[in-house]
Amino acid sequence: MTEQTYDVVVVGSGPGGLAAAIAAKENGAEKVLIIERDIELGGILLQCIHNGFGMEVFKEDLPGPSYAQRFIQQVSELGIDTLLDSMVLEATPQRRLYVTNRKGGISTFDAKALVFAMGCRERTRAQIRVPGTRPAGVYTAGTAQRWVNVEGFMPGKRFVILGSGDIGMIMARRLTLEGAQVERVLEIMPYLSGLSRNYVQCLQDFNIPLHLKHTVKNIIGNKRVEAVEMAAVDDQRRIIPGSEEIIPCDTLLLSVGLIPENELSRQAGVQIDPVTGGPLVDSYFHTNVPGVFAAGNVVHVYDLVDWVTGAGKEAGRGAALYAMGKLPAGSSCITVRAGNNVRYVVPQRIDAQVLEQEPISLQFRVSQPIEAPVWLEAVADGNSITRRSVFYARPGEMLTLPLKPEMADGLRGAKEIYIHVNER
Amino acid sequence: MVEKYDVIIIGGGVVGCMTARFLSRYELDILLIEKASDIGSATSAANTALVHPGYDPVSGSLKARMNVAAVPLWPGLSAELNFNYERSGDYVVAIGPEELPKLDELFERGKRNGVNGMHFVSGDEMRRREPLMNPDVSGALFAETGSICDPFGATLAAAENAIMNGVTLMRETAFEDFIIQDKRIVGVRTNRGDFSCRWAINCAGLYSDFVMHKAGVRPDFKITPRKGEYLILDRAEFQLRSVYFPVPNEVSKGILATNTVHGNAILGPTAHEQVDREDKANSSDGLQEVMEGARKLIPAIEPRHVIATFAGLRAAGNAPCDTPGVDYRHDFIVEIPAEVRGLVNLGGIESPGLSSSPAIALRVIDLLRDAGEPLKEKKDWNPIRPARPRFRHMSYAERQAVIQKDDRYGRMVCRCENVTEGEIVAEVHAPIPANSYDAIKRRTWLGTGRCQGGFDLPRVTHILARELGQSELEMTKKGPGSAFLTRLTKQVEESHD
C-alpha cells in the first residue's frame, strides 16, 4: 500500500469537484488531488450532451461536456494531480482516504483538507415503492442517459416516464430525437419537479403529454415491461379508484428525485441534514468535521450546474484556507432555519464575523409553489434583515438571498435567522 | 434417445441442487435439468433466508422430521461448500400478555419435535438485547439453532460442488414428460430432446404436481402457490441484531423482521394463495401489510428505510401427513411411489423447505438405497467447493494481494456493495457461468444497495457482453426475452405505427 499526503484532496470530478480543486489551487493550496471513479474527469456532465450549461458562469450556452472541458483544461494548466478509475473505499474523520484502482491496488491519501464532491444518486423504484413485476425495462433516467449518450444504445422503443425531474424531461426529448415513442410523463405532485424551461423545450415542443397528479399503479410484464398501469391521485397522493389506464410500453424511466451521495461523508463523521440529505455546512461549506468540506450536489440538489460550480469554488477556497491554517475560526454561530414555505436553507449556519468580511449567499427551496410575486425575507429576532422580491417561487427552482457585510450589525447577538417566502 | 444417465433430477432449486450434491458422492451419471436460465432463481432466491430450528412444523409431520434432522447438517455444509451461514439464534416475540401462552405452545411443540437449545427470555431482557423492540414485548422464545444464510449462495455452492463431482447441469431445459415403459420410467422428455435414465427425481417445486401427474402419481395432489412479499431495508439506515418472529398464526409464521448475512434487514413475508405460478409481482396492499406487520415488532421501521422489494412463491401442497393420528394436510412428500418404478417423488416442499433441504437430499439417498440401488461411493469425491474472492469481506492487505494477482479486482463496479470487475469476471467463468444481470446480482450481491443498480447496470452489461463474446444488445436481465437494450442509437428504424 502506498501512502501520500496532499494539502487538499477532492473526491469526485463533476462540476463541484472540478471547481473546488481549481479554487483550492488558486487560493494557495500547493498539492491538490482529484480522485475520480470514472476513466475521465467531468462526472455526470459527460453524459449531459444537451445545452443549457454556462449561462451564469461563462455567459454562454454550452453542452455538458464542453462546460466540463473548460474546467478540465484549467485543472491541467494549474498542475492539479488526478487519480482516475479509482474508488474511495473509506474516509476517516482524520481525513485519511483508502482508495482502490487497477494500477496501484490499495493506496492511502492523507489530506490536510478534504472536499467531498460525490454528487448525488437517483431515487430508485423501490424507494417510491412502485408495485408490480420486476422485468427488464425499468431504469432510472440517468442510467438511460448514459446508455444513449455515452454507450450509444437505445434502452427501449416505447417509453413512459414517471416523474417530471429535469433528467426525465431531457431524456424524453432525447429519446424522441432518437426515434423512440415517449407516451407520457407522469408526475404525482400537482406541479412540475424540474425546471419550467425543460417542460417547454423538452415536452411541449415535442408534443409529449405531461400528466400532473398521476402515478404508476402497477408494472406489467414478467421478462420485459409490457405495459404500465397509470392512475390519477388525490390531494393526499392516494390513487383515485376508476382512474386507472393501461399504457402499453416496453420501458419505464424513473425521474423521481436525486439524493446526495454521502456514504463516505457519514464514515468520516459528517452530520447530515435529514431534509437535504447532505452535510450541515457553514458558508465555506465546512462540515462539522474539522477540515472536511462538501462541494455541490453532495450538499443539496442544485437546479443549475452553474450554481454547483459556484458552491464548489467556495468549498475549495475554504479547504485551501483550512489547509494553510488561515480559515477564520467561527465564534458567533447563527443557525439558519427554514421559515414560511421554505423546505430547507443552505448553509445551515453562518458566522456574523465572516459576514463582516464578505457576502454570504443563502440557497433554499420552497415547499409549495406560489405563482405570484413573493418576498424572500431573512428575519432575526423578529427584525427583517433583508428581503427581495421575485416573480414566483417553485419547488423545482432554487432561490437565493444574498446577505451583505453591512447586514452583519443586525445579526450581532442573534442565535437564529429565519428565511421566509411569502406572497407579496 | 441421445444421452443416458442413471439419474435425472428435475429442477435446480435448493432441493434439486442439494440432492445433486449429496448424490454426486456415488458412482452415478447424474443430469440436473433446470427450465430457467439460472439455477435457484425461483423460490430458492426469494425467501426469508433462514434456517429454522424446527419448533414450528406440526409434530409428527415429515416437515418437522426433515427440518429438525437438517439443522445439525448446516454448519458443516457451509464449511464444506463455503456459503454464508451464521447461527444467530432466533426469537419468537410475544407482544402484550395475551400472546405469552403461544410461546409455551411453541416450546412444547419444539420439545416434541426434538429441537434443542430453546429457552424463554423476559420482556426486559428482550428489550435489552434488541433496543428497537416494541416496548410492549412481554417475552420471547429463543432458539439457539435458528440461523441466517444466503439461500441462493447455498444452492449455487451445492450445484457447483455437484458439477465438480461429475454431475451434468443443463439450464433452459424444461421437463415436458416422462418416457414410461412397462410402468417404469426410462427417460425424460424435455424441450431439448429426450434423455434416458433409470431414476428420475422430482424436485420441481412449484411444478412438482405437474411432474408427478405426468407419471400418474397422486392425481389429487395440487400445488397452490402462496405469495410472500418482502421489503429490504438500507443497512446504512437500519440494522437489526437478530431474527424476530411474531407468534405464528394458522397460515404462516407471520411477518418477521430479521437481519441477513448481507447486513440488510428483511421484513416479510405475506402469505396469500394464488393460481399463477409465475406471478411474483409486488402489490401496494402486500407491501403495506409487510410494513404494518413488521412495525408490530419493531415500531421504528419507516418507509424511507426501504431500498428494495421482492416477492417469492412458496410451493405449498395438499399432501396429508402419513403418520397415523396426525391430522395435517400440507406435508412434504419425499417418497418412492408404488404406481410407477424409477421415480423419487418430492412435492409440497414449501417452508421450511430451504431449512430441510440437506435432510431431504439424504432421505432421497436412503430411499434409493432401500430400493436396491447399490450406491457405490466414488474414491475421489471432493466435498469441498472453494469460495471465490469477495472484495468487500477482505482486509486491505488481502485486497492488495488479490489485486496484484488480477488487477481487475482493483476496479470497483458496484460502489454501494463494493463489487469489483474481477468478481464479475470470475462469476462469468465459474463452473455455472453467470449469464445474465440477475445471475451476477445473485452471486455477488451487486446492485442490491442504495442505488439498486443505477450506477452499475451499464457497466455490468458491458463486462458481461465482453466476457461472453456477445453484443451488449444480447445481454438480459434474466434470460431469453429480458434484453435490456433494443438497438444502437442513430439506427434508422421502420415506422413504429
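This is a predicted model: local features need pLDDT of at least 70, side-chain atom pairs count only at pLDDT 80 or more; totals for chains, interfaces and linings use all residues.

User: Okay! Which domains does the assignment give for chain B?

Analyst: Domain 1 of chain B is made of 1–84 + 149–222 + 315–387, domain 2 of 90–144 + 224–310, and domain 3 of 393–474.

User: How many Å separate the centres of domain 1 and domain 3 of chain B?

Analyst: Taken over C-alpha atoms, those centres are 30 Å apart. Domain 1 of chain B puts 11 residues into the contact and domain 3 of chain B puts in 7.

User: And what gives the largest share on the domain 1 side?

Analyst: That's helix α6 of chain B, residues 151–164, with 6 residues. Sorted by class, the domain 1 side that touches domain 3 of chain B has 8 nonpolar, 1 polar and 2 charged residues.

User: Switching to chain A, what are its domains?

Analyst: The assignment for chain A lists domain 1 (1–123 + 258–327), domain 2 (127–256) and domain 3 (330–424). The centres of domain 2 and domain 3 of chain A, over C-alpha atoms, are separated by 35 Å. In their contact, 5 residues of domain 2 of chain A meet 5 residues of domain 3 of chain A.

User: I see two helices in chain A, α4 and α5. At what angle do they cross?

Analyst: The axes of α4 (residues 141–151) and α5 (residues 166–177) of chain A cross at roughly 35 degrees and come within 9 Å. The crossing of α4(A) past α5(A) is left-handed.

User: Which residues meet there?

Analyst: From α4(A) you have A:Ala141, A:Gly142, A:Ala144, A:Gln145 and A:Val148, and from α5(A) you have A:Ile167, A:Gly168, A:Met171 and A:Arg174. By class, this contact has 5 nonpolar, 3 polar and 1 charged residues.

User: Now the two chains together. How many residues does each put into the contact?

Analyst: Chain B gives 46 residues and chain A gives 42. On the chain B side, α10(B) gives the most, with 5 residues. That side has 17 nonpolar, 16 polar and 13 charged residues.

User: Last one: how do strand β9 of chain A and β25(B) run, parallel or antiparallel?

Analyst: They run antiparallel, with 2 bridges joining β9 (residues 153–154) of chain A to β25(B). If you'd like a spot to look at, A:Phe153 stands opposite B:Leu488 in β25(B).

Key. Residues are numbered from 1 along each chain as its sequence is written. Chains are lettered from A and ligands numbered from 1 in the order in which they are written. Axes are lines fitted to C-alpha atoms, for helices over the stretch in contact, and angles run from 0 to 180 degrees between N-to-C directions. Helices (H or I, at least four residues) and strands (E, at least two) are DSSP runs, numbered from the N terminus. A crossing is left-handed if the near helix is turned anticlockwise from the far one by less than a right angle, and right-handed if clockwise. Two residues are in contact if their C-beta atoms, placed from the backbone, lie within 7 Å. Ala, Val, Leu, Ile, Met, Phe, Trp, Tyr, Cys and Pro count as nonpolar, Asp, Glu, Lys and Arg as charged, and the others, Gly among them, as polar. Domain bounds come from an automatic or database domain assignment. Two strands pair if DSSP finds at least two bridges between them.
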